[in-house]
2 protein chains.
Amino acid sequence: MAKSPAPYNIHDYDVPLTTVDSVLFTVHDEKLKVLLVQRGNAPFAGKWGLPGGFIEQGTDTDLEMCAIRKLKEKTGIAPLYIEQLLSQGGASRDPRGWSVTIVFYALVAHVNCEPHIDSVTDVQWREVSALSAKELAFDHGQIIQLAHERLQQKALYSIVPAYALPNEFTFTELQALHEVIIGTTLEKKSFRRRIEKAELLIDTGKSTVARGRPAKLYKVKPEGRAYRFVRNLES
Amino acid sequence: MAKSPAPYNIHDYDVPLTTVDSVLFTVHDEKLKVLLVQRGNAPFAGKWGLPGGFIEQGTDTDLEMCAIRKLKEKTGIAPLYIEQLLSQGGASRDPRGWSVTIVFYALVAHVNCEPHIDSVTDVQWREVSALSAKELAFDHGQIIQLAHERLQQKALYSIVPAYALPNEFTFTELQALHEVIIGTTLEKKSFRRRIEKAELLIDTGKSTVARGRPAKLYKVKPEGRAYRFVRNLES
């Protein structure tokens with residue numbers, strides 16, 4: 001039998017500063033964008049950083065719930081896709097002392113949080129390819145780059161990027177999204193055939209007009225979320 | 001210009017308990033094994049858990065250095081391969097309160113740490129497939145399972161598992177290792193051809209005798225560490 005825990009007071013110890021941050025991506029105007037928040041307080045007051053912050057022990061049951069709560073505060077909605085990216089921690093990343101951040105990356109459709117984000121001045125969508133590390137707080141520039149690399153892997157091996165589109169989308173929109181994330185063009189017939197063969201989408205029966213022609217609207221099947229292509233979509 | 005940081009005292013805040021733990025794998029007697037440490041103190045005194053613990057802010061420059069320091073204490077050596085797995089955190093995983101653990105997984109050759117581990121009673125290699133979650137502290141049973149799944153992916157798409165072998169090894173030993181981790185047999189000719197084609201190994205010019213026949217000894221090339229097969233080694 002385990003003995004009952006000895007009295008324990010965390011404030012007797014030299015504890016690191018622990019935060020949860022998220023890299024929230026969307027696609028808009030055919031560009032990959034990331035959500036940034038302007039910092040009101042030191043350290044790095046005035047610089048832009050990732051949405052996140054301290055865990056609220058009475059509110060957050062786990063790390064992911066903490067990340068979702070912070071994103072809801074900034075966007076008005078919970079992201080449709082969220083996954084842990086990595087944790088960064090060390091003696092020199094925060095001037096206040098040894099600090100750890102547990103980082104998530106997440107996806108939302110731009111249209112779903114546009115009204116909320118438009119209503120505030122300290123939250124902005126920023127084009128990923130146009131960011132400079134200098135304007136960013138902490139190591140957030142490096143973290144965004146790592147999140148982008150992970151998203152590129154997702155775009156090569158899954159249809160997870162679809163969670164950055166509105167609920168219903170065309171094949172052309174899905175392909176354009178993968179191309180924006182990967183940074184290269186994909187062969188249209190092959191891309192379509194691979195995704196059709198994997199049966200990851202639901203035909204909604206509806207259609208829209210794109211470039212003067214009708215185009216079918218699709219949704220992601222629930223099992224599309226976890227599906228992983230054995231061979232990447234570029235090959 | 002950012003303002004200078006306002007006075008900040010972490011003990012004014014409700015901070016989570018933050019630890020670093022590692023899942024250290026090796027292979028021995030054709031079995032995949034994990035390093036466990038018997039806990040001397042509450043919580044879970046007497047149960048077995050992952051090697052790890054609190055960050056030493058004056059000693060550890062980052063999370064990985066903390067993980068390596070803890071592993072060195074238990075095995076006498078630094079692991080040849082280490083990579084972050086994930087972080088687990090929540091209100092209920094530690095009876096002392098809200099806690100976060102940043103988890104690494106790592107590989108060592110059994111022969112390299114055998115003398116050190118044999119000399120202590122509270123550290124043991126345990127066969128992964130024979131573990132029961134009940135004898136383990138915290139959520140360490142679940143974490144070991146997640147690390148095993150990650151290692152299986154590595155065994156399907158890379159030769160990273162080779163870091164659980166001695167520095168020099170035969171093709172047969174490498175294949176047996178991949179088979180133990182994946183849990184299935186691989187086709188010998190195809191496995192050998194795939195790895196030869198990727199040029200990931202150095203022929204040491206030496207050989208050993210295996211099953212009465214001479215067998216060449218190989219080492220992993222530095223670039224073998226990061227190489228990822230586009231198509232998995234099972235296919």
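B:Glu73 is partly exposed, with a relative accessible area of 45% (buried means under 20% relative accessible area, exposed over 50% and partly exposed in between, with a 1.4 Å probe and protein chains only). The model is a predicted one, in which local features need pLDDT of at least 70 and side-chain atom pairs count only at pLDDT 80 or more, while totals for chains, interfaces and linings use all residues. Side-chain values use heavy atoms, with hydrogens and water left out, residues are numbered from 1 along each chain as its sequence is written, and chains are lettered from A and ligands numbered from 1 in the order in which they are written.

The side chain of B:Glu73 meets that of B:Arg69 in a salt bridge at 3.1 Å, N to O (a side-chain nitrogen of Lys or Arg within 4 Å of a carboxyl oxygen of Asp or Glu). Both residues lie in helix H1 of chain B, 4 residues apart, about one turn of the helix (helices, H or I of at least four residues, and strands, E of at least two, are DSSP runs numbered from the N terminus). B:Arg69, which is buried at a relative accessible area of 14%, also forms a salt bridge with B:Glu56 at 3.6 Å, N to O. This second pair links distant parts of the chain, 13 residues apart, with B:Glu56 placed in the loop between strand S4 (52-54) and helix H1 (63-75) of chain B; B:Glu56 is partly exposed at 39% relative accessibility.

A further salt bridge joins B:Lys154 and B:Glu83 at 3.3 Å, N to O. Because B:Lys154 lies in helix H3 (residues 140-157) and B:Glu83 in strand S5 of chain B, the pair ties together parts that are 71 residues apart in sequence. Over all chains, the structure holds 20 salt bridges.

Across the interface of chain B and chain A, by contrast, the rule finds 0 salt bridges, although 12 residue pairs, both at pLDDT 80 or more, are in polar contact (a pair of N or O atoms within 3.5 Å; within protein, one must be able to donate a hydrogen and the other to accept it, and residues adjacent in sequence count only if both atoms are side-chain atoms). The contact, defined by heavy atoms within 4.5 Å, takes 41 residues from chain B and 41 residues from chain A. The two chains bury about 3,600 Å² between them, 62% of it on carbon and sulfur atoms, where buried area is the accessible area (1.4 Å probe) that two parts lose on being put together, summed over both.
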